[in-house]
Every structure is written in C-alpha cells, then in structure tokens.
Amino acid sequence: MKVLIGYDGSSYADAAIDDLQWAGLPETTDAIVLSAVEWPTMLAMKSWGMVETDFSPEWMQRIEHAQQLASSGADRLRKLFPQWNIEIEPAGGDPAEMILEKARTWPADLIVVGTHGRNAVGRVVLGSVSMKVLRQAPCSVRVVRNRKHDGPVRLLIGVDGSAEANAAVDAVCHRSWPDGTHVRVFAVQEVFELASAERIGIGERIYDRVNEDEFLRMRD
C-alpha cells in the first residue's frame, strides 16, 4: 500500500500521523511525507521574467524548512511504523496542488491530512487544502481531527447500494484491523411524502410501495 501524508508540523498534522495506528494499514506499506511551501508572490513574478530568474536565499531557506518539516514528520512516523518504507519530499507550490500531483504521479492509494494548520491563518489555509484534496483526489483520503483516541477502533460505514459505497466497504475489508474493532454499517432511507395534490392524482398506495421497496433494498 502507498500512503501520502501532507505534513506542516502542526498539532493537527501530528495527530494525522498518530491516528494511523488505528487505520488498519498493512506492515508492507510505502509512505511519503510531503511538506509544501508556496512561492512568495514577488519571487514568482521575477522568476517569470520581470527582473530575476535565479532562486533567492529566502526561497532556498523555505525549501530547507520544508525538508526539515518533512524529516520531522517522517521521524514521528518511523517510531510508530518501523517496518514501513518511508521517504520525504519537500515541495514548492500550492500545498493542495502538490499533494494532488504527487498522489496522481506516484500513485498513492491513500492521502492523509489534518483538518487545520499551524496558526489562525494557517488553520484557514490548510482547512481549504484538506477540502480541495478531498474533492479532487484520485484515491481515498483520510482527514484526521486533533482528538485523543479512547477505546477500541469504531467504524461507521455509510452505504446506499452505490458502486462508491461498495468500494468503501471493500476498502475496509482489505485493511488489517485489531481484535475488538467495532463496525456498524449504516443506511438511511429517504421516505417519500405525498403532497396534497399528489394524494388525489396518484394515490397513497404507490408511495407506500416505493417506500417499502426502498426499505427492503437498503436492508439487503
């Protein structure tokens, strides 16, 4: 399995790594810890031909900082999963785009990100990163909240009979869950209600039959 972890050194990013202990991932896992820094606006403009074309010391320091962050995240990951093959990747550019590009080209089986960033501004930015990754990722995405794990692993799987829901169930079945894991499969039936005009034109029995059939389908 190939796991791509977006890491910025925040407590939320640390929580995303720590939470992988309860993700049911196999021992034979390849992981990349990716830390991205955005191009400073003026440097990006100069690099496109305004004045300068070389990399400024400031930009090299940013890349070096990204490498240090990725190394820190990788060290944390190795303590939890010493059997994993773990690499780091510092990147320059929009964090969400860098994560999505790496997930496509590697390619990743799972992307892991925290919900927020390092500070008030960072929390907003990284929150948008996690949402963008969630919507556009070519693979499964695990968005982790910063909370303490208590008790056995508890999984709630929402299903509706669709191919995507079946894929979610298959993904869970292919993981290695610890003994005592609790799993609940959850399906919600949307009940059709008759409007006044429809009661006259269609009749209640048709809607009752539709609701009954849908209930039986969800049970199966």
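1. Helices and strands here are DSSP runs, numbered from the N terminus. The model is predicted. On that numbering, P107 sits in the loop that joins α4 (95-105) to β4 (110-114).

2. The peptide bond leading from W106 into P107 is cis, and its omega is near -10 degrees. Most peptide bonds are trans.

3. The largest nonpolar core counts 20 residues, and L20, L77, W84 and V112 have the most contacts inside it. Two or more residues come from each of β1 (2-6), α1 (11-18), β2 (30-37), α3 (57-80) and β4.

4. L77 can be followed through its contacts. Neighbours within four places in sequence aside, L77 is in contact with I5, I17, L20, A31, V33, W84 and I86. Two of these partners, L20 and W84, are themselves among the residues with the most contacts inside the largest core.

5. One aromatic pair is present in the structure. The partners are F81 and W84, stacked at 4.0 Å centre to centre with 10 degrees between the planes. Both F81 and W84 are buried.

6. Is S130 buried or exposed? S130 has a relative accessible area of 6%, so it counts as buried, the cut-off being under 20%. The residue is part of helix α5 (residues 120-136). Leaving out residues up to four places away in sequence, S130 touches V113, G114, T115 and V143.

Definitions and conventions:
Residues are numbered from 1 along each chain as its sequence is written. This is a predicted model: local features need pLDDT of at least 70, side-chain atom pairs count only at pLDDT 80 or more; totals for chains, interfaces and linings use all residues. Side-chain values use heavy atoms; hydrogens and water are left out. Helices (H or I, at least four residues) and strands (E, at least two) are DSSP runs, numbered from the N terminus. Rings of Phe, Tyr and Trp (its six-membered ring) pair if their centres lie within 6.5 Å; planes under 30 degrees apart count as stacked, over 60 as edge-to-face and the rest as tilted. Buried means under 20% relative accessible area, exposed over 50%, partly exposed in between (1.4 Å probe, protein chains only). Contact means heavy atoms within 4.5 Å. A nonpolar core is a set of buried Ala, Val, Leu, Ile, Met, Phe, Trp, Tyr and Cys residues joined through side-chain atoms within 4.5 Å.
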